[in-house]
Amino acid sequence: MADLRPQRRIEDLEGDREALEHIARALEGRVLLGPGAVTRTEEDRGREIPALDAQGLKELLEALPVAVGILTRGTLIYANSAFANAFGYSSPAELLEAGGLDTILPGGSVLFEHVEGPERTPRIDAYTHSRRKLKVAFAVSVLDAGTGAKLLRLIDQASLDAELPSPPATDMPAELEPAERTEVDPKIAARRLDFLAKVSHEVRTPLNSIIGFTELMLQERLGPIGNPRYKGYVEDIHQSGLYALSLLNDLLDISKIEAGKFELDFTAVDLSDLVESCVNSLQPLAKRARIVLRTSLSHDLPLVVADPRRLKQILLNLLTNAIKFTKEGGQVIVSGTMVDSELRLRVHDNGVGMTEDEIAYAMQPFHQLDTAPRRQSGTGLGLPVTKALVDANRARLVLTSEPDIGTSADVIFPAERLFTA
């Protein structure tokens, strides 16, 4: 097996000996504070620290159970394997050759320039070898003010997660509370997201090929298919591919939200344009189901501060659900009004409706109601994803429904999320 440790010669390390010796003294003073750290007793302090050569100091740092690096004059001159592995690099040598801090931190070493004593950085953005964004924090200690040598310790992610404040409680209607709520361990959520991201990368390439080639066949670009049954099979393959892609996207969204790594791009959004776009894209689906799909928006609605792409996803999910659970001859109406200084975007249908227990059941991931008037496929993630996206956009989702009467799904934006020019 190839040696993945840094390939710098011992002679090269002699130039860094001074900085390394400072680390030995820093260890005595408990700079590397963390779980399991031990402070030397007064009796221990009277004992002489055994002298270590450059190789011995290097091996000491390599054996540490924490991710540490040495920064001198703005350059990362040393990192142990734990430090390199934390950012997806197979070895410290690979990290240093890639550019060190300049490649993992957007601002490079600038963040540490003015540190004059033991300090801890705030949570900052960092990038792994595969350019995945992380939130990290460092404990920084000055080893030698003269040479500018500093010791960086990557704070354990579990410690960071434990320090995150709990989200404020929100007034949620009872019908939106699942029967059982299970808190997801942030570490488990992060590992799940990492696994799904890898699976997604591997699955999307063949899946996109399946979808693309079936579309090409359905259009008969290279000639007629011939047997109409074969064309029906191709349509089924195409729909299955789209379904699998939708499932993959929903799983990734849920996992990102659970892991706290769901990023939004807030801007001022014109609901009139967004609603029109969504309704136009779903008119063919509504017509095939013989359902009237129309809008009723007030003319003086203010702009809302939200992520336009995710807001469109919310509305498409709600509209698709409304069409799915409405019988032929029914109607689905999208309305927008101001109610008590809040903007209410409502998707109302006169479909089969739900009881309170059915609403709670439908809000749980992978739970699907079998009350749809037509055979439908679905992942059981539509409403849970929608609820999570609404929360992420600082709005509220309120569902009210009555069996055989219909359902109203309200996305309510509070006054502070409204934008008036």
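**Salt bridges and their surroundings**

A: The structure, which is a predicted model, holds 5 salt bridges.

Q: Which residue forms a salt bridge with R290?

A: R290 pairs with E328, and their closest N and O atoms are 3.8 Å apart. The pair links distant parts of the chain, 38 residues apart: R290 is in the loop between α11 (271-288) and β9 (292-297), and E328 is in the loop between α12 (308-324) and β11 (331-339).

Q: Are R290 and E328 buried or exposed?

A: Both R290 and E328 are exposed.

Q: What about E342, which residue does it form a salt bridge with?

A: The partner of E342 is R396, with the closest N and O atoms 3.1 Å apart. This pair also links distant parts of the chain, since E342 belongs to strand β12 (residues 342-349) and R396 to strand β13, 54 residues apart. E342 has 21% relative accessibility and therefore counts as partly exposed. R396 has a relative accessible area of 32%, so R396 is partly exposed.

Q: And which side chain meets D410 in a salt bridge?

A: The side chain of R346 meets that of D410, at 2.7 Å from N to O. D410 lies in strand β14 and R346 in strand β12, 64 residues apart, and the pair links distant parts of the chain.

Q: Why does D410 count as buried?

A: D410 is buried because its relative accessible area is 6%, and buried means under 20%. R346 is partly exposed, with a relative accessible area of 22%.

Q: How many bridges join β13 to β14?

A: There are 7 bridges between β13 (residues 396-402) and β14 (residues 406-413), and the two strands run antiparallel. Within this pairing, L397 has V411 in β14 as its bridge partner. The hairpin has 3 residues between the strands, and D404 takes a positive phi near 65° there.

Q: Changing topic, which residues make the nonpolar surface patch of about 350 Å²?

A: That patch is made by F213, L216 and L222. L216 lies in helix α9 (residues 186-218), and with 31% relative accessibility L216 counts as partly exposed.

Q: Finally, how many helices and strands does the chain have?

A: The secondary structure comes to 14 helices and 15 strands. The protein chain has 421 residues, of which 40% count as buried. Its accessible surface comes to about 23,600 Å², and 52% of that belongs to carbon and sulfur atoms. Among contacts between residues at least 6 apart in sequence, 63% join residues at least 24 apart.

Technical notes: Residues numbered from 1 in each chain as written. Predicted model: local features only at pLDDT ≥ 70, side-chain atom pairs only at ≥ 80, totals over all residues. Heavy atoms only, no water. Pairing = 2+ DSSP bridges. Helix = DSSP H or I, 4+ residues; strand = E, 2+ residues; numbered from the N terminus. Patch = residues over 30% accessible without salt bridge, like charges linked within 9 Å, V, L, I, M, F, W, Y side chains within 5 Å. Areas by Shrake-Rupley, 256 points an atom, 1.4 Å probe, with all protein chains shown as cover. Salt bridge = Lys/Arg side-chain N within 4 Å of Asp/Glu carboxyl O. Buried < 20%, exposed > 50% of the residue type's maximum accessible area, 1.4 Å probe, protein only. Contact = heavy atoms within 4.5 Å.
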